[in-house]
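Here is a short briefing on one protein model. Keep the sequence and the 3D view open as you read.

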Amino acid sequence: MTVATPSSLYADLNVDAIADAPLASRTWYGVGGKADVLISPRDLASLAMLVRRCHRDQVPVRVLGSGANLLVSDAGVDGVVLSLDSPELRSVEYNQQGCVEAVRAWGGASTEKLVQELARRGLAGLEQMAGIPSSIGGALAMNAGGRFGCIGDAVHSVAVMTPDGNERVFLRESLAFEYRHTNIPDGIILWAVLRLREENPITVRDRLKEYFSYKKNSQPMSDASSGCMFKNPLLADGTRESAGRLIDLAKLKGFRVGSAFVSPKHANFIAVDTVGGRASDVAAIAQQIISRVFDTHGIMLEREVVFWGADIE
Ligand SMILES: Cc1cc2nc3c(=O)[nH]c(=O)nc-3n(C[C@H](O)[C@H](O)[C@H](O)COP(=O)(O)OP(=O)(O)OC[C@H]3O[C@@H](n4cnc5c(N)ncnc54)[C@H](O)[C@@H]3O)c2cc1C
């Protein structure tokens, strides 16, 4: 880490701030170093002011969701790491614009909790997110999803705070949601209005259960990992090949580098030992898998997991 982030950037704002904040326990990998400062703004005005000041002083700002798609370097990260976990920034508002099927979910809201609550209320349209650990902001940033659809399927509009601290709202018509990619501009995803539909709560809950058990049976959900390390590569004929299959065919199931290993259950899940795990091992194994898959199949894998830190980015 380099120069410490000055506390004058946030000391007078309505925020919770922790200097030298360990990030490992805030990610699913459970490894990695500290944030120079971890800041949780308690309201939107404080968030905007902080973002403006960081922009002015060229202090890097990173947004942490639920840490399910993130590897933090063992050396930690400089600048500000933002957490949208205050009550205001993780709230969910029902009956948006007087419409029972619309909810506004703020960026820090837990997707897992939201899908459960929607089922309870008999609102359908987000079950495809069953078993995908995420905040709403993180899910939108990655357009998270899987076999049953993606979060983009439910989006009506999205609000983003741009790096200069201004708020912009994008309607569905101007947004593209593709495989693990969206054109939502860089910045902090503040909220999304999701359009759902009324359905019998039992039917919604049954669908949730079915999707969740599919995931549980096909993926090692309890390992310390970030889900799939690589995107399924696009082939010349426009279809996508399973990255897990390519890694498996390259005989890499169970392959290990230090504390990191390819899951024996799902070859695209790169896990790490819960004791003595190191981010550098995960970064190194990811690099070696890319080389080995390229040598075997002539296909270059692209990472899905986001890496933070100068030595691994
Ligand atoms: C066991 C397991 C299973 C998984 N299965 C799936 C799956 O089936 N499908 C799938 O798509 N993914 C899956 N994942 C990966 C992960 O769940 C998703 O990528 C999820 O969207 C990450 O959300 P997050 O809030 O944890 O984001 P984080 O990991 O915290 O952050 C990921 C990226 O999003 C950015 N981000 C976070 N919040 C915001 C915000 N408010 N505004 C702007 N940017 C933001 C971060 O800066 C970072 O670049 C799995 C992960 C695990 C651990």
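Leaving aside neighbours within four places in sequence, aspartate 164 is in contact with Arg52 and His55. Contact here means heavy atoms within 4.5 Å. This is a predicted model: local features need pLDDT of at least 70, side-chain atom pairs count only at pLDDT 80 or more, and totals for chains, interfaces and linings use all residues. Residues are numbered from 1 along each chain as its sequence is written, and side-chain values use heavy atoms, with hydrogens and water left out.

**Aspartate 164**

- Aspartate 164 sits in the loop between β11 (155-161) and β12 (167-171). Helices (H or I, at least four residues) and strands (E, at least two) are DSSP runs, numbered from the N terminus.
- Buried means under 20% relative accessible area, exposed over 50%, and partly exposed in between (1.4 Å probe, protein chains only).
- The side chain of aspartate 164 makes a polar contact with the side chain of threonine 162, at 2.5 Å. A polar contact is a pair of N or O atoms within 3.5 Å; within protein, one must be able to donate a hydrogen and the other to accept it, and residues adjacent in sequence count only if both atoms are side-chain atoms.
- The side chain of asparagine 166 also makes a polar contact with the side chain of aspartate 164, at 3.4 Å.
- Aspartate 164 and alanine 48 are 116 residues apart in sequence, yet their C-alpha atoms are 8.3 Å apart in space.

**The sheet around β7**

- Five strands form an open sheet in the order β6-β7-β15-β11-β12, with antiparallel pairing. β6 and β12 stand at the edges with a single partner strand each, so one side of each has no neighbour in the sheet. Two strands pair if DSSP finds at least two bridges between them.
- Strand β7 (residues 102-106) is mostly covered, with five of its five residues buried.
- Which residues point which way from β7? Ala102, Arg104 and Trp106 point one way, while Val103 and Ala105 point the other way.
- Two bridges pair β7 with strand β6 (residues 92-93) in the antiparallel sense. Here valine 92 stands opposite alanine 105.
- Strand β15 (residues 188-195) runs antiparallel to β7 and is joined to β7 by five bridges. Here alanine 102 stands opposite arginine 195.

**The ligand**

- How many residues surround the ligand? The count is 32, and the closest are Val63, Ser66, Pro133, Ser135 and Gly145. A residue is near a molecule if one of its heavy atoms lies within 4 Å of it.
- An N or O atom in the side chain of serine 66 is 2.6 Å from an oxygen atom of the ligand.
- Alanine 68 brings a backbone N or O atom to 2.8 Å from a ligand oxygen atom.
- Lysine 215 has a polar side-chain atom 2.7 Å from an oxygen atom of the ligand.
- Taken alone, the ligand exposes 970 Å², and the protein buries 94% of that. Accessible areas come from the Shrake-Rupley method with a 1.4 Å probe; for residues, only the protein chains shown count as cover.
- Elements giving two or more residues to the shell around the ligand are β3 (61-64), α3 (136-142), β15 and β20. Helix α3 gives the most, with five residues.

**Arginine 62**

- Arginine 62 is found in strand β3. Arginine 62 counts as buried because its relative accessibility is 15%.
- The side chains of arginine 62 and glutamate 313 make a polar contact of 3.2 Å.
- Beyond neighbours within four places in sequence, arginine 62 is in contact with several residues, including Val77, Leu82 and Trp308.

- Helix α6 (residues 279-297) has 19 residues and reaches 27 Å from its first C-alpha to its last, close to the 27 Å expected at 1.5 Å a residue. The expected span is 1.5 Å times one less than the number of residues.
- Buried residues in α6 include Asp281, Ile285 and Ile289.
- The buried residues of α6 pack against elements including α5 (243-249) and β20 (306-308).
- Just after α6, glycine 298 takes a positive phi of about 70°.
- Serine 259 lies in the loop between β17 and β18. Serine 259 is buried, with a relative accessible area of 4%.
- A polar contact of 2.7 Å joins the side chains of serine 259 and aspartate 281.
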